Amino acid sequence: MAIVLIGSPGSGKGTQAKLLTESLGVPHVSTGDMLRDRTRGGGDGVVAATMQAGALVSDRVVDEMVVERLSRPDAARGFVLDGYPRTQVQAEHLTAWLDGRGVREVAIHLAVDYNIIIARLTGRRECPRCGTLYNVVFHPPKSDELCDLDGERLAIRDDDRELVIRQRLDAYERQTRPVLDFLRSAGRRVSREIW
Ligand SMILES: [Zn+2]
């Protein structure tokens, strides 16, 4: 059960990944979560600055991080990859690694209209204290801009600001969409989901 979710920022990869991992009993491997854990508390300055600029972290850093994660015992029965591969170089690295282990993956392309994505992402809010996520349009807190659980004032994550979102969508168009063509032309399985 090696599933690779490919979709732009805000396409709902995280939500779909959770549903899949819960029903399949395999780990959710999210490069976004791993990178955020790594930079929390000023841990990795170079990675943090790259993410804040809306740019993509280098292939080498992400390749190593993902392979290390997929090599752990809990991923032996399968996994749902979310946020990787983002470039053709990463896709080549991943498919070679999977082939080396005799694993056949399936890629699922989540296609969503960019206008919907921008509305969804600019509405996101996070509680700085407990990390709970809200959306002022789709999942608002009971009290305006305050966390339901602890009353903390909600914040916009740096990577959810509109300019940064547009840069992330642009980076996706240039670097990640070609991954789908690469996978198809390499004879890998790619399915398409739209909602
Ligand atoms: Zn909270």
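Helix α5 (residues 88-100) gives three residues to the lining of the largest cavity, the largest share of that lining. Helices here are DSSP runs of H or I with at least four residues, strands are E runs of at least two, and both are numbered from the N terminus. Welcome to a predicted model, in which local features need pLDDT of at least 70, side-chain atom pairs count only at pLDDT 80 or more, and totals for chains, interfaces and linings use all residues. Residues are numbered from 1 along each chain as its sequence is written, and side-chain values use heavy atoms, with hydrogens and water left out.

**The cavity**

- One cavity of 30 Å³ or more is present in the structure; a cavity is a set of points, on a 1 Å grid over the protein atoms alone, where a 1.4 Å probe fits but cannot get out.
- The largest cavity holds about 30 Å³ of space, a volume being the space filled by probe spheres set on the points, which are joined across faces, edges and corners.
- Its lining is made up of V4, P85, L94, T95, L98, E105 and L183, where a lining residue has an atom within 4 Å of a point.
- Sorted by class, five of the lining residues are nonpolar, one is polar and one is charged; nonpolar covers Ala, Val, Leu, Ile, Met, Phe, Trp, Tyr, Cys and Pro, charged covers Asp, Glu, Lys and Arg, and the others, Gly among them, are polar.

**P85, a lining residue in a loop**

- P85, one of the residues lining the largest cavity, sits in the loop between β3 (79-82) and α5.
- The peptide bond joining Y84 and P85 is cis, with omega about 0°.

**Helix α6**

- In helix α6 (residues 114-122), the buried residues are I117, I118 and L121; buried means under 20% relative accessible area, exposed over 50% and partly exposed in between, with a 1.4 Å probe and protein chains only.
- Viewed down the axis of α6, these buried residues fall within an arc of 100°, so they line one face of the helix; the arc is that of the directions from the helix axis to the C-beta atoms.
- Among the elements covering the buried residues of α6 are β5 (124-126) and α7 (162-185).
- At the start of α6, a side-chain oxygen of D113 comes to within 2.7 Å of the backbone nitrogen of N115.

**Other places to look**

- A48 belongs to helix α3 (residues 45-52) and is partly exposed, at a relative accessible area of 26%.
- Between the C-alpha atoms of A48 and R36, twelve residues apart along the chain, the separation is 8.1 Å.
- E145, in the loop between β6 (133-135) and α7, has a positive phi near 65° and is a residue other than glycine.

Terms used
On a 1 Å grid over the protein atoms alone, a cavity is a set of points where a 1.4 Å probe fits but cannot get out, and a pocket is an open set with protein on both sides within 12 Å along at least five of seven lines; lining residues have an atom within 4 Å of a point. Contact means heavy atoms within 4.5 Å. A polar contact is a pair of N or O atoms within 3.5 Å; within protein, one must be able to donate a hydrogen and the other to accept it, and residues adjacent in sequence count only if both atoms are side-chain atoms.
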